[in-house]
Amino acid sequence: MTPLVRGDFAAFFAELHDGNHPFGWQERLLDEVLADGRWPDRIVAPTGAGKTAVIDVHVFAQALGACGDVRPPRRLSLVVNRRVLVDDQHRYARRLADVLFATSPFRERRADINVWGLAPVSPESGISAPSRG
């Protein structure tokens, strides 16, 4: 198997998005996460600019980390102020997980990967989703 390299991101992204390639800001975000080993404090982009694809950046960075010296953050938290966005991002993460879990080596590691979306108020975490009001 050929090792994964940074240059593979555009093809990975295109495979997930019907042949569409990442926007420049998504490529720069990956480079920043890989260089700094941390996520920026916030990502600001207009509606429709592909912010949900930060999940793709995260998954790809994790895969690179498993293949080499890169140590990206292990967890990704998406904080948004609209319930519909929480639901969309959760559905997208689940779909991505299903795609990955259909192939090796992810299929064999399914039990090691937790994909979830925060919906209810959770006193344990101190985090709550936006109200439906």
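Because the model is predicted, local features need pLDDT of at least 70 and side-chain atom pairs count only at pLDDT 80 or more, whereas totals for chains, interfaces and linings use all residues. Residues are numbered from 1 along each chain as its sequence is written, and side-chain values use heavy atoms, with hydrogens and water left out.

The protein chain contains four helices and zero strands, and along the sequence its pattern is α-α-α-α. Here helices (H or I, at least four residues) and strands (E, at least two) are DSSP runs, numbered from the N terminus. Of the 133 residues in the chain, 31% are buried; buried means under 20% relative accessible area, exposed over 50%, and partly exposed in between, with a 1.4 Å probe and protein chains only. The chain exposes about 9,200 Å², of which carbon and sulfur atoms supply 53%. Such areas come from the Shrake-Rupley method with a 1.4 Å probe, and for residues only the protein chains shown count as cover. Among contacts (heavy atoms within 4.5 Å) between residues at least 6 apart in sequence, 55% join residues at least 24 apart.

The interior can be described through its nonpolar cores, each a set of buried Ala, Val, Leu, Ile, Met, Phe, Trp, Tyr and Cys residues joined through side-chain atoms within 4.5 Å. The largest core has 16 residues, and Phe-9, Leu-29, Leu-30, Trp-39 and Val-57 touch the most other members. Helix 1 (9-16), helix 2 (24-36) and helix 3 (54-67) each supply at least two residues of this core. A second, separate core has six residues, including Leu-16, Tyr-92, Ala-93 and Leu-96. Val-57, with neighbours within four places in sequence left aside, is in contact with Phe-9, Gln-26, Leu-29, Leu-30 and Trp-39.

Helix 3 also contains His-58, which counts as buried because its relative accessibility is 11%. Beyond neighbours within four places in sequence, His-58 is in contact with Trp-39, Pro-73, Arg-74, Arg-75 and Leu-76.

The second largest pocket has a volume of about 570 Å³. Of its 20 lining residues, Ile-43, Lys-51, Val-79, Val-80 and Gln-89 are the closest to its centre. On a 1 Å grid over the protein atoms alone, a pocket is an open set of points where a 1.4 Å probe fits, with protein on both sides within 12 Å along at least five of seven lines; lining residues have an atom within 4 Å of a point. Grid points are joined across faces, edges and corners, and the volume is the space filled by probe spheres set on the points. The lining comprises 10 nonpolar, seven polar and three charged residues, where Ala, Val, Leu, Ile, Met, Phe, Trp, Tyr, Cys and Pro count as nonpolar, Asp, Glu, Lys and Arg as charged, and the others, Gly among them, as polar. Gln-89 belongs to helix 4 (residues 83-101) and, at 11% relative accessibility, counts as buried.

Two exposed residues complete the description. Asp-18 lies in the loop between helix 1 and helix 2 and has a positive phi of about 50° although it is not a glycine; its relative accessible area is 78%. Ala-35, in helix 2, is exposed at 63%. The C-alpha atoms of Ala-35 and Pro-72 are separated by 8.6 Å, the two residues being 37 residues apart along the chain.
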